[in-house]
Amino acid sequence: MIDELRRLREEALDAFASARDVGELERLRVRYLGRKEGLVSGVLRRLGSLTPEERPSVGAAANRARKLLAEALQDRLSEVTAARPATERALDLTLPPRRKWRGTIHPVSQVIDDIWRIFQSLGFARARGPEVDTEWYNFVALNTPLDHPAADEQDTLYLAPGLLLRSHTSPVQIRTMERYPPPIRILAPGMVYRRDTYDATHTPAFAQIEGLVVDEGVTFVDFKATLAEFARRFWGPGTQVRFRPSFFPFTEPSAEVDVKRVIVREDGREEETDWIEIMGAGMVDPAVLDNVGYDSERYTGWAFGMGPARVAMLRHGVRDLRLFYENDMRFLGQFT
Ligand code: DAH
């Protein structure tokens, strides 16, 4: 049996050496080292037919042969796998690369952040209010009776009688003034909802930024100068600002604010853009101050509301507002 083992060992080692792939080596493993049918196990199984004196040395030789063959098989297996051509290993060079996905700030949020930094440096605090609000905060306290045409224009989704999705960020003015005494200087970005058609310049849900200043001795000059300063910091020193008379129930007088920017063309020449409307604004109507219990004889203020998505459209030359709200990563991923 010792001879038989030696023969088996040589035969197996030769077979391992000439094996070319993993499958062949596996077949050889079963043939020589398999627990049930393997040839080495077969020898061990026949130990019983030996005399008690012969058994230990043959048994030990069989175990040694098994160990040696197992090692040799393992070595050959490593050689065979290392030698395989690259395409056969799990590496398929024809696959497209796996990209690392890195998040970016949404272009509208970037605009909000940039606007916020400017107002923060002018002494404004950040404020926020709920997106579900009441008729009182959204309309009535803002001097907009429910049967007023301005309420129609901002018709929105009602969740229950008197409870609605806010149609602008202006209710944050009321909520802030109810909670804090003057002076007030706040910036309040947030989402608002309207029954607008979904088109290139309207989406039924969109971001707004509200601003409010109330203090003693605040004048129309503060209003115009601060907004002009903001516009020049945001769009550049050459930016011109225009205040067009308008109407909002909660401001008197009211204005729509336009900017005319200077852009540098590719050939280096400077060019003025058309006037572009950026916000609604005005001096806070005394009735609004009365509604929150402020002394409207003593305090005055100004306010504005603007759409950062429109600003983002201008900034990036995007023609369709809907792109910002469709969550298409091919579009949003470009604003790093
Ligand atoms: N809330 C107005 C709107 O959504 C925008 C606005 C206009 C806000 C004038 C103001 C303001 O604070 O003073 O159309």
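Which residues are linked in a network of salt bridges? In this predicted model, they are R242, R244, E256, D258 and E277. The whole structure holds 22 salt bridges, and a few other pairs are worth a look too.

Here are three of them, with the gap between N and O and the relative accessibility of each partner.

| Pair | N to O distance | Relative accessibility |
|---|---|---|
| D114 and R117 | 2.6 Å | D114 22%, R117 48% |
| R298 and E216 | 3.4 Å | R298 45%, E216 45% |
| R265 and E271 | 3.2 Å | R265 33%, E271 33% |

Take D114 and R117 to begin with. Both sit in helix 5 (residues 107–121), three residues apart, so about one helical turn separates them. D114 counts as partly exposed, and R117 is partly exposed as well.

E216, though, is partly exposed.

Strand 6 also has pairing partners. With strand 5 (residues 184–193) it pairs in the antiparallel sense over 10 bridges; there, Q208 of strand 6 is the bridge partner of G190. Strand 12 (residues 299–306) runs antiparallel to strand 6 too, joined by eight bridges, and G305 in strand 12 stands opposite E210.

Conventions:
Residues numbered from 1 in each chain as written. Predicted model: local features only at pLDDT ≥ 70, side-chain atom pairs only at ≥ 80, totals over all residues. Heavy atoms only, no water. Pairing = 2+ DSSP bridges. Helix = DSSP H or I, 4+ residues; strand = E, 2+ residues; numbered from the N terminus. Salt bridge = Lys/Arg side-chain N within 4 Å of Asp/Glu carboxyl O. Buried < 20%, exposed > 50% of the residue type's maximum accessible area, 1.4 Å probe, protein only.
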